[in-house]
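Me: I've got a new structure open and I'd like to learn how to read it. Could you walk me through it feature by feature?

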Amino acid sequence: MPSAVPDRALATPLRDALGVAGYTVGAVDDLLGAAAGAALHRHETAPALRRTTDGSPLATLVRLFLLQTSVRREHADAALPGLVEPLVAGGLLLASAGEVRAVLDCRPYADDSRDWWVVSDLTPGLDGRPIRVAADHVLGVTPASTSLAQLTTRDEVARALDLGTGCGIQSLHLSSHARKVVATDVNPRALAITDLNAALNRIEVETRAGSLWDPVAGERFDVVTCNPPFVISPATDRDPLVYRDSGLPGDQVVETIVRGATSCLADGGWCHVVANWAIHEDQAWDERVGRWLPADCDALVVQREVLDPSAYVELWLKDAGRHGGPGYLEAYDAWLGWFEQQGIAGIGFGWVNLRRGGSARELLDHPYAVEQPVASAVGEWATAQHAEVDERSRLSLRVDVVQETRGDPGAEHPETIVLRQRRGLCRARRVDTVEAALAGASDGELTVGQILEALSVLLERDRDELTAAYLPAVRSLVRQGFLALS
Ligand SMILES: C[S@@+](CC[C@H](N)C(=O)[O-])C[C@H]1O[C@@H](n2cnc3c(N)ncnc32)[C@H](O)[C@@H]1O
């Protein structure tokens with residue numbers, strides 16, 4: 001159950017102790033090994049418990065915070081010298097009868113170039129224990145958090161906003177490339193934990209209480225990141241969880257965030273949102289989400305996954321620990337009935353990327369693997385939408401693009417030709433022989449016009465007709481990142 005959040009004053013001694021213990025992602029991975037680490041990802045602690053028995057400070061911290069088990073008081077004192085009592089008083093630890101256990105989670109976290117520590121509420125449901133989550137539970141780092149972190153531009157900027165900060169995970173990343181970071185939330189515990197995490201990692205984050213765009217009305221940001229409470233439900237639940245239930249019905253919270261982004265983005269500023277949206281029986285997903293997009297923003301929306309209503313309801317009832325509990329079937333039935341009533345046939349999960357200052361649109365159904373972090377591909381997408389391409393342009397085929405052909409063995413012509421990117425968004429595009437030849441000949445030296453001229457001779461086709469037919473395809477190959485201006 002949620003507890004008080006330790007005062008920021010404890011951050012410095014805690015940081016020092018975690019540092020001395022060598023409590024880093026790499027050290028924890030080495031200590032646990034691959035199999036016990038994988039088991040822990042599945043919320044099973046038994047293999048990791050067997051590998052953390054030596055009483056060393058590192059093993060003690062892993063047992064306390066990652067495995068949520070009691071440790072002997074003398075081991076806790078060795079790992080957190082002089083800090084056990086203050087951390088008990090501050091609400092991070094609980095001590096009794098010569099043993100100490102954690103009340104909050106505290107774990108190392110890293111990207112390619114930085115190491116951090118992140119405090120959050122404990123992970124519910126380890127080892128099949130019943131999941132009990134309080135209304136103001138503050139999530140740790142989740143797959144949606146890392147998805148958003150990998151989507152977010154890392155350009156150096158002046159001002160960044162972390163809307164719905166939770167434990168402040170996006171703020172940690174933002175602090176590495178934004179001179180000012182503002183983090184907002186409606187949950188005071190989330191703001192207190194973000195404050196603590198900022199101090200623990202020696203970064204500056206200004207926390208503000210308030211809903212959605214309210215706390216930053218009238219301000220402009222160069223980057224906004226948001227992993228909102230996006231669970232799509234009738235919003236009539238008597239026990240909403242603030243990290244996932246916005247209180248607004250359906251996907252209105254996502255619509256409100258997307259529609260409102262333009263008023264808080266600086267020119268050229270990016271807003272990245274990970275979200276769910278409802279897919280209605282009588283409307284294509286991209287048509288519906290497309291209506292939310294601000295007119296003065298470039299928008300790349302990528303649908304990564306679609307769940308059917310029952311799979312979705314099961315997922316989120318289990319997340320709240322209601323599977324097998326009293327009222328489970330009734331809650332499941334009511335939620336499904338509401339989906340039916342609304343005409344919701346599926347739920348999409350994906351990314352909304354908005355860049356203020358253009359009006360290019362792409363809504364892409366793309367459940368395939370992408371190269372992570374995908375942020376640079378999103379940035380390149382925006383640049384490509386504004387590339388001016390005509391017959392005088394010199395284009396280059398992106399170096400990672402390969403051509404795949406398929407057809408009967410020995411046949412003179414392939415049945416299908418596909419251009420495939422091996423980097424970035426990893427798109428695949430079916431092309432005809434002319435497009436394939438155009439792409440292949442785009443070496444950065446010849447102009448589009450020269451290539452079309454040569455092809456018209458080779459194929460014995462009228463040059464103007466070939467140009468009219470294929471210039472749009474060339475532009476589309478540029479917008480999709482297969483070709484780039486030299
Ligand atoms: C899914 S968590 C995301 C936490 C974190 N940003 C991340 O990426 O993991 C959603 C966060 O939004 C907050 N939240 C809920 N309703 C909100 C609202 N109306 N306005 C702002 N934040 C809200 C929750 O308290 C929670 O911290």
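**Reading the chain**

Reply: Let's begin with contacts (heavy atoms within 4.5 Å): among those in the chain with a separation of 6 or more, 69% are between residues 24 or more positions apart. Keep in mind that this is a predicted model, where local features need pLDDT of at least 70, side-chain atom pairs count only at pLDDT 80 or more, and totals for chains, interfaces and linings use all residues. Residues are numbered from 1 along each chain as its sequence is written, and side-chain values use heavy atoms, leaving out hydrogens and water.

Me: How many helices and strands does the chain have?

Reply: There are 17 helices and 19 strands. Both are DSSP runs numbered from the N terminus: helices are H or I with at least four residues, strands are E with at least two.

Me: What is the strand order in the open sheet of 8 strands?

Reply: In general, strands of a sheet pair through backbone hydrogen bonds, either parallel or antiparallel. Here, two strands count as paired if DSSP finds at least two bridges between them. The order is β8-β7-β6-β9-β10-β12-β11-β13, and the pairing is mixed. At the edges sit β8 (206-209) and β13 (361-365), each pairing on one side only. For a closer look, take β11 (residues 297-307) and β12 (residues 344-356): they run antiparallel and are joined by 10 bridges. V302 stands opposite W351 in β12.

Me: Which strands does helix α12 lie across?

Reply: Helix α12 (residues 309-319) lies across β10 (265-280), β11 and β12, at about 75° to β12. Such angles run from 0 to 180 degrees between N-to-C directions, with axes as lines fitted to C-alpha atoms, for helices over the stretch in contact.

Me: Which residues are buried in helix α7?

Reply: First the general idea: an α-helix has 3.6 residues a turn, so residues three or four places apart point the same way. Buried means under 20% relative accessible area, exposed over 50%, partly exposed in between (1.4 Å probe, protein chains only). In α7 (residues 143-151), the buried ones are A144, S145, S147, L148, A149 and L151. Their cover includes β4 (104-110), α8 (169-174), β9 (221-226), β10, β12 and α14 (375-385).

Me: Which residues come nearest to the ligand?

Reply: A residue is near a molecule if one of its heavy atoms lies within 4 Å of it. Of the 17 residues around the ligand, the nearest are S145, G164, D185, S211 and L212. Next, look for polar contacts, pairs of N or O atoms within 3.5 Å. An N or O atom in the side chain of S211 is 2.9 Å from a nitrogen atom of the ligand, and a polar side-chain atom of N227 lies 3.1 Å from a ligand oxygen atom.

Me: Is L477 buried or exposed?

Reply: L477 counts as buried because its relative accessible area is 0%. Its place is in helix α17 (residues 463-479). Leaving aside neighbours within four places in sequence, L477 is in contact with L419, R429, F482 and L483.

Me: What is the phi of C426, and what about E460?

Reply: Each has a positive phi of about 55° although neither is a glycine. C426 lies in the loop between β16 (416-421) and β17 (428-431), while E460 is found in the loop between α16 (448-459) and α17. C426 is buried, at 19% relative accessible area, whereas E460 is exposed, at 73%.

Key
Polar contact = N/O pair within 3.5 Å; in protein donor to acceptor, adjacent residues only side chain to side chain.
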